[in-house]
Amino acid sequence: MAEISCLSSDVTELILSYLPIPTLIRASAVCKYWHSLISSSTFSSPLSHKYPWFFLFGIHNTSSNFNQCFAFDPLSNLWFRLPSPTFPSQSSSFLGADGFFLVTAPFFTFSHILKRQWLSTSPLRFSRVNPLVGVDSPSSSSSSASSSPIPSFVVVGGVRLIGNLVDIEDRLAVEIYNPDSDSWLLCPPLPADFRSGNSSESLSSALFKRRFYVFGIYSCFIASFDLRTHAWSEVQTLRPPGVVFSFLISSTNHLVLAGICNGPLGPSFNLWKIEEATMEFSEIAIMPQDLLNGLFDGDEEDKFASLKCVGLGNLIYVFNEEYHKKYPACVCEIGSDDNGGPSGKCSWRRLPQLPSPVNKFHKVISFSSTVSPHNILRGEGEGEGDGVVNVQPMLN
């Protein structure tokens, strides 16, 4: 019988590519040959793209020593405690978007989730608090041939401070970052329908097929910004019957609306597939009632207000951002049919509890992101020793 050492490098790499990331990290320590394969920037891990991780970063207002950062791997069903990022001095308005921690005020700075290295861009025309931010990666942008590893950022809405007072009347222009010229392009602002709530506190967003969708969590207004033509679509209303509030999520092959719905049998958490061309919706899943009940205590009237939802690929993460329940969460995996659409076979499960101790946070940043073994072993596109967070021991 042939030994694994007799296999070609292509076959060995293919076998390794189907291992979960924690197992891959351990496998990288077997020998230098395996480490070189796994840590290579060309190494492809299909499971890591199919099963994006859930990141939860808690911020404590009075002391950064109490900040904590956690990451959940859906394949191993494990939480990992990551080093908390140290933000640049005098920073405010912390955000998370696919693969990045971001600061939008007073300057726009960003860091990969697995790095300690912060990079600054040229100043935004409008320094803003709590905007919506999209990450248009080089592979999906029209400038994919560019050698720049830095993505293009799309910044929408938010509020700005004038004399320490929040200006809620200014809708603020959309700004798109060009990494090649280190410049921001000013584009038309959010439509006037969003004037009463133009920050991430009341809006949800999704980047899908080169369009940046903005959705009112409570108003149910929806519009999209075309990244090619730099024009807004008309504002429509997307409100399935009984919806109280909901979040818009970019899935692998379609948009998903996820939220609390009041029905004949009481509150439920529903998922709907959205046809982006017509904004028509069709129900694809309902969270099992025992999972929904496990996210809350008691029967308070506003108990659902602390419910948040993020997602990527075919995974939808739902969690309670209140401290007293230790941030319980569950996840839904949306099954796909042969055409890439939702098959109706959705699998729900509860996430394990966060690893103790868990501090009390004043704000929670949550997002979903793919993670590659290359990020962990060598950093995003750079060599070792360039500010990469060493999370390898935590995954061993």
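Q: What makes β20 and strand β21 (residues 266–275) a pair?
A: In this predicted model, β20 and β21 run antiparallel and share 9 bridges. Pairing requires at least two bridges between strands. The 9 bridges meet that cut-off, so β20 and β21 count as paired. Within this pair, V256 lies opposite K273 in β21.

Q: How many residues lie between β20 and β21 in their hairpin?
A: The hairpin has 2 residues between the strands.

Q: How do you know that strand β19 (residues 243–250) pairs with β20?
A: β19 and β20 are joined by 7 bridges, in the antiparallel sense. The cut-off is at least two bridges, so this is a pair. V243 faces C261 in β20. A hairpin of 4 residues connects β19 to β20.

Q: Why is strand β20 (residues 255–263) called mostly covered?
A: Of its 9 residues, 7 are buried. Buried means under 20% relative accessible area.

Q: Why does C261 count as buried?
A: C261 has 7% relative accessibility. The limit is under 20%, so C261 is buried.

Q: Why is C346 called partly exposed?
A: The relative accessible area of C346 is 21%. Buried needs under 20% and exposed needs over 50%, so C346 falls in between.

Q: How do you know that C346 is in no disulfide?
A: The nearest cysteine sulfur belongs to C332 and is 4.4 Å away. The structure as a whole holds 0 disulfides.

Q: What makes strands β9 (residues 152–156) and β12 (residues 174–178) a pair?
A: They run antiparallel and are joined by 2 bridges. At least two are required, so the pair qualifies. V155 has E175 in β12 as its bridge partner.

Q: Which strands make up the open sheet of 4 strands, and in what order?
A: The order is β8-β9-β12-β13, with antiparallel pairing.

Q: Why do β8 (132–136) and β13 (183–187) stand at the edges?
A: Each has a single partner strand, so one side of each has no neighbour in the sheet. From one strand to the next, the twist averages 20 degrees.

Q: What is the mean pLDDT of the chain?
A: The mean is 84, and 85% of the residues reach 70 or more.

Q: Where does pLDDT stay under 50, and how many contacts beyond four places in sequence does the model have there?
A: Residues 139–148 form one such stretch, with 11 of these contacts. Residues 379–386 are also below 50, and there the model has 14 contacts beyond near neighbours in sequence.

Note on methods. Residues numbered from 1 in each chain as written. Predicted model: local features only at pLDDT ≥ 70, side-chain atom pairs only at ≥ 80, totals over all residues. Heavy atoms only, no water. pLDDT = per-residue confidence, 0-100. Contact = heavy atoms within 4.5 Å. Axes fitted to C-alpha atoms, helices over the stretch in contact; angles between N-to-C directions. Buried < 20%, exposed > 50% of the residue type's maximum accessible area, 1.4 Å probe, protein only. Disulfide = S-S within 2.5 Å.
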